[in-house]
Amino acid sequence: MTEAPERYVGGGVPGKEDPALITGHANWTDNIKLPGMLHIALLRSPFAHAKITHLDVSGALEQPGVVVAFTGEDLAGEWFSSQRSSATNAGNPVTGYGLNFEEREKQGAHLTAIEDRVDDEDVSPDVLRNFCAWPVTEDMKTPTHWLVARDEVNYMGEPVAVVVATDRFKAQDALEFIEVDYEPMDVVVDMEGALAEGSPLVHEELGTNKSYTWTLENGDVEDAFNKADVTLKERYVHPRLISNAIEPRATVAQIDPASGSFTLYSATQIPHILKHDLSEACGIPEQRLRVVAPDVGGGFGSKLNVYPEEALTLVLTRKLGRPVKWVEDRSENYQATIHGRGQIQDIEMAATSEGKILGMRVKLLADMGAYFQVSTPGIPLLGRHLYAGLYTFEAYSFECSGVLTNKTPTDAYRGAGRPEAAYAIERTMDSLAREVGLDPAEVRRRNFHEPFDAPKPNPAGLRYDSGNYEPALDKAMELADYQGLREEQRRRRESRDVKQLGIGFSCYTEACGMAPSRALAEIDFTVGGWETAKVRMLPTGKVEVVTGTSPHGQGHVTSWSQIAADALGVGVDDVEVVHGDTAQSPFGRDTYGSRSVSVGGSAVHLACQRVLDKAKKIAAHMLEAAEEDMEFEGGRFSVAGSPEQSVTMKEVAKAANTAHDLPEGVEPGLDENYFFDPPDWVFPFGAHICVVEIDTETGRVTIPKYVAVDDCGTVINPVIVDGQLHGGIAQGIAEALYEEARYDEDGTLTTASMVDYMIPGAPELPSYTLERTVTPSPSNPLGVKGIGEAGTIGAPPAISNAVIDALQPYGVKNIEKPASPMRVWEAIQDAQGQASGRGGDR
Ligand code: MCN
C-alpha cells in the first residue's frame with residue numbers, strides 16, 4: 001500500500017485517467033472491431049421540409065460490399081412495439097424474424113419485407129412520441145418522431161434511409177445510388193414568423209407551431225413596475241450553438257444469439273438512461289441490454305441524449321445477427337446532433353433611481369427545432385428561476401413558449417438554460433448601471449443577497465443553498481486592478497485611441513445537481529435525481545469504487561479516488577474507479593448538469609462511510625475493544641487512549657474476507673452501496689471580469705485580461721476545477737465572439753462545417769487569472785457545488801458587457817452575439833453615421 005498523505009481532497013492529484021487519454025491508449029467506440037461487424041451509413045434529407053414522394057433503395061444493394069438497405073417505412077415496425085419484446089423473448093431473435101442472414105447476404109436480397117411489421121395502431125402513441133423525458137405542460141404539443149423518416153422530412157439532416165455494408169466507406173458510397181424524390185414544403189425557420197398568423201406548420205397534425213407556454217409569477221409584478229423610477233426593456237438573441245465534441249458520436253451494437261442479449265457501445269454521457277430508453281424503444285427486455293460508454297471524447301451536453309443511430313444499430317444487430325457499427329462524420333455532427341441555445345429573450349426590469357431592483361418580467365421564445373429529443377422542451381425552463389441572478393427583489397414573472405421550427409432539434413449544450421438566464425440578468429444589470437449612473441460593480445453590490453449559509457428563496461421562489469457574493473466580486477476587482485483599468489480606459493478614450501478598452505462584469509449563479517428526485521417530479525422531469533456508488537474493500541486492502549456517473553473528460557476517476565482514499569485511509573493509487581458500464585454499475589443517473597461531484601461524489605463518500613462503519617465493528621472485535629472506543633486515522637483503527645493497540649484497514653479487509661472470526665451477526669466482506677438523493681440543488685456562483693480591446697477600425701475584439709473568481713464550495717481537485725473553468729470560459733468566449741449556427745430562409749444550415757462555423761483556437765484565447773472563494777453547500781456531506789458548466793455560464797455576459805462598455809463613447813447599447821468584427825464595425829459605423837446625421841442609410 002502506498003503511504004497516504006493526510007488528505008487528498010483539496011490537493012492537485014494528477015489526473016489518473018489522463019495518460020491513457022493523451023497517449024493514444026484510450027478505448028474510443030470507433031476502436032471497437034468485432035468479428036463479422038457490419039457498418040451503416042445514413043442517407044439524410046437535404047431539405048428542411050418536404051414530402052418523400054418516391055424512395056427506392058434497390059440501387060444501393062447492387063453496390064460492392066452492400067448487404068442490405070432499409071427505408072424508414074421498412075423499419076417502422078422495429079420501434080416501440082410491445083410485441084417486439086415478446087418476439088425477442090421467443091427463442092433465437094435472429095431466426096425469430098425469419099431472416100436467415102447468411103442466405104440473404106448470399107443472394108444480396110433486399111430485406112425490406114419485414115414479416116411482422118407492426119401496424120400503426122399497435123404502436124403505443126406515448127412511446128412513439130420519441131424519447132422526450134420532459135413533458136413540461138399538460139397540453140404540450142409533441143411531434144411524432146419516426147427515427148428514420150417515413151413520408152415527410154422536417155429538418156435538413158433527418159435520416160431517410162440506411163445502408164448496411166461490410167465497411168463504412170462502401171456503405172457511404174452506396175448512398176448515392178438510392179433514388180429519392182422530395183416535394184418541398186414551406187419552411188419554418190424563424191421563431192416569431194412561426195407564431196405569426198398563417199405561418200406554414202412544421203407538423204400539420206399539431207395545428208400550431210407553438211408547443212407550449214410555461215408561466216411563473218412570484219410577487220406583485222404590476223405593482224413593482226408601477227412604483228419604479230426606472231424601467232428597462234431589453235431584447236437579447238441567443239443564436240444556436242453546436243457542441244463540437246472532439247469525438248463525434250459513435251455506436252456499436254452486438255447481439256449474443258445464444259442468449260438473446262445485446263451490448264451497445266456508445267460514445268454517450270448517459271449509459272444508464274440510454275439502456276432504459278432503448279430497451280423501451282426497441283422492445284428489448286432491460287435485463288438483456290448492456291450499455292457501455294467506453295472512453296468518451298467530450299459531449300458538452302450533446303451526448304446527453306438518445307439518438308436514432310443508437311436505436312438503429314441495436315435493431316439492425318437484432319435483425320441481422322451480426323455486430324453493427326455507426327460512426328458520425330463531422331457534417332452529420334453539425335446537422336443531426338442536437339444544437340444548443342436558440343432563444344429570443346424580452347427582459348423588463350423595474351428599479352429605483354438608486355439602482356435597487358424592484359421587479360423583473362422575462363418572456364422567452366425557445367427554438368425546439370423539428371422534434372423533441374430527451375430534454376428539448378425543458379432546457380429553456382432550467383433557467384426559469386435563475387433570471388433573478390444573485391439579487392434580491394420583490395416581484396418576478398416568467399413566460400416561455402417552445403416553438404417548433406424546421407431545424408435540427410435543440411437540447412442541452414453546456415449550461416443548458418442557465419447561460420441564457422445569466423446572460424439576460426447580467427446584461428440588464430449593466431444597462432441599469434448606465435441608466436442610473438452607477439458603476440456596474442456598485443449596482444450589483446446594492447442588490448446582492450446578504451451572505452447566507454442555509455437555504456434561502458430567491459425572487460423567483462427557488463431556494464439557493466448558500467452564498468456570499470461580495471468577497472468574490474472584491475477579489476476579482478482586486479486581481480483585475482479595476483481602478484487601473486478604468487484609468488487606462490479613460491486615457492484611451494481621451495486620446496481617441498484606435499484600440500478602445502472595455503471592462504465587463506458578470507456575477508452569476510447557476511443550479512447543479514438537480515434533486516431531490518421528488519422535486520424533479522414537481523418540474524415534470526421523468527428521471528430521478530439520485531446517484532449511486534458501490535465501494536468494495538478487496539481482500540488485499542485495495543479499493544474498488546463503482547460509480548453511476550459517466551465521465552467524458554471531467555476526471556471522475558481521479559476525484560472519486562481522492563474522496564475514497566481520504567475516507568478509507570488508503571493511497572489514491574490503491575483505488576480503482578469503474579464507470580460507464582451498466583453490467584458493472586447496474587444503477588446510475590449518469591453525467592450532466594454538473595451534478596456528478598455533488599451527487600455522485602457524495603454517494604462515493606457515503607458508501608465509504610458504510611464500509612468504514614462495518615470495518616470499525618470488525619476492528620473492535622479484533623482488538624477486543626468497544627466499538628465506541630475505536631479511532632480511525634491514516635488507515636489504522638486504534639483504541640482511544642492506547643494507540644499501540646491497533647489494526648490497519650488492510651488487516652481488517654483481510655479479516656472481513658476470510659470471515660474466520662467475525663463479530664456475531666456481521667456478514668463477511670466489506671462491500672457497501674449508497675443511493676444518495678440530495679435534499680436540494682447546489683448553486684455555485686462567481687464574479688468574472690473580462691477586459692476587451694476593440695480595434696475600432698476593423699471591429700476585431702481581443703481579450704487581454706480575463707479574471708474569474710468562482711465558488712464551487714469545497715474543492716476536491718483544484719487542478720481539475722481550473723481545467724473545467726478553462727474549457728468552460730473558452731466556450732463562453734466562443735459563444736460571445738465567434739460561434740453561431742446559421743440557417744438560410746430555406747432551412748439550410750449554412751454553417752455546416754468547421755470552415756464556416758468559427759471555433760476559436762488557442763491564439764484567440766487569453767491566459768486566465770483564476771481564484772476562488774469557498775462557501776460550502778449544505779446540500780451534501782462534502783459541501784461541494786458543481787463547476788463543469790460555471791465558466792460557460794459566467795463568461796458570455798462578462799464579454800458582451802465588456803464589448804458594450806468599450807463602445808460607450810459611440811453610444812452603442814447592444815450587439816448581438818457573436819460580436820464578430822463585422823457586427824462590431826457596423827455598430828461603430830451606425831453610431832458614427834447617426835452622430836453625423838447619416839443614420840439609417842445602412
Ligand atoms: N470538482 C471538484 N471540486 C468541486 C467541483 C467539481 O474537484 N467543488 C471536479 C469534480 O470532482 C469533477 C469535475 O470537477 O472531476 C466536474 O465535476 P462537476 O462539476 O460535478 O461536473 P460533472 O462531472 O457532472 O460534469 C458535467 C459538466 C457538464 S454538464 C458539461 S456540459 C461538461 C463539463 O462537465 N462537458 C464537458 N465539463 C466537460 N469537460 C470536458 N472535458 N468535456 C466535456 O464534454
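## Contacts, ligand and cores

Visitor: Leaving aside its neighbours within four places in sequence, which residues is Ser-646 in contact with?
Guide: Leu-623, Arg-636, Phe-637 and Ser-638. Contact here means heavy atoms within 4.5 Å. One caution: the model is predicted, so local features need pLDDT of at least 70 and side-chain atom pairs pLDDT 80 or more, while totals for chains, interfaces and linings use all residues. Residues are numbered from 1 along each chain as its sequence is written, and side-chain values use heavy atoms, with hydrogens and water left out.

Visitor: Why is Ser-646 called buried?
Guide: Its relative accessible area is 19%. Buried means under 20%, exposed over 50%, and partly exposed in between, using a 1.4 Å probe and protein chains only. So Ser-646 makes the buried class.

Visitor: What makes the pairing of the Ser-646 and Arg-636 side chains a polar contact?
Guide: The two side chains come to 2.8 Å. A polar contact is a pair of N or O atoms within 3.5 Å; within protein, one has to be able to donate a hydrogen and the other to accept it, and residues adjacent in sequence count only if both atoms are side-chain atoms. As for its place, Ser-646 sits in strand β24, residues 642-648. Strands (E, at least two residues) and helices (H or I, at least four) are DSSP runs numbered from the N terminus.

Visitor: How many residues surround the ligand, and which are closest?
Guide: There are 32, the closest being Gln-554, His-556, Ser-596, Gln-724 and Ile-787. α18 (556-568), α19 (596-623) and α21 (718-738) each give the shell at least two residues.

Visitor: Which kinds of residue make up the shell around the ligand?
Guide: Ten nonpolar, 18 polar and four charged. Ala, Val, Leu, Ile, Met, Phe, Trp, Tyr, Cys and Pro count as nonpolar, Asp, Glu, Lys and Arg as charged, and the others, Gly among them, as polar.

Visitor: Where does a polar side-chain atom of Ser-596 lie relative to the ligand?
Guide: It lies 2.7 Å from a ligand oxygen atom. Taken alone, the ligand exposes 830 Å², and the protein buries 95% of that.

Visitor: Which members of the largest nonpolar core touch the most other members?
Guide: Leu-278, Leu-316, Tyr-387 and Phe-398, out of 126 residues. Helix α13 (residues 418-436) contributes the most to this core, with eight residues. A nonpolar core is a set of buried Ala, Val, Leu, Ile, Met, Phe, Trp, Tyr and Cys residues joined through side-chain atoms within 4.5 Å.

Visitor: Why is Phe-300 called partly exposed?
Guide: Its relative accessibility is 26%, so it counts as partly exposed. Phe-300 is in the loop between β11 (289-292) and α11 (308-320), and its phi is near 55 degrees, a positive value in a residue other than glycine. Most residues other than glycine have a negative phi.

Visitor: What about Arg-496: why does it count as exposed?
Guide: Its relative accessibility is 75%, so Arg-496 goes in the exposed class. Arg-496 sits in the loop between α16 (482-494) and β18, with phi near 50 degrees, again positive.

Visitor: Which omega goes with the cis peptide bond from Ala-515 to Pro-516?
Guide: Omega is near -10 degrees there. Pro-516 is in the loop between β18 (499-509) and α17 (517-522).

How values were computed
Near = heavy atom within 4 Å. Areas by Shrake-Rupley, 256 points an atom, 1.4 Å probe, with all protein chains shown as cover.
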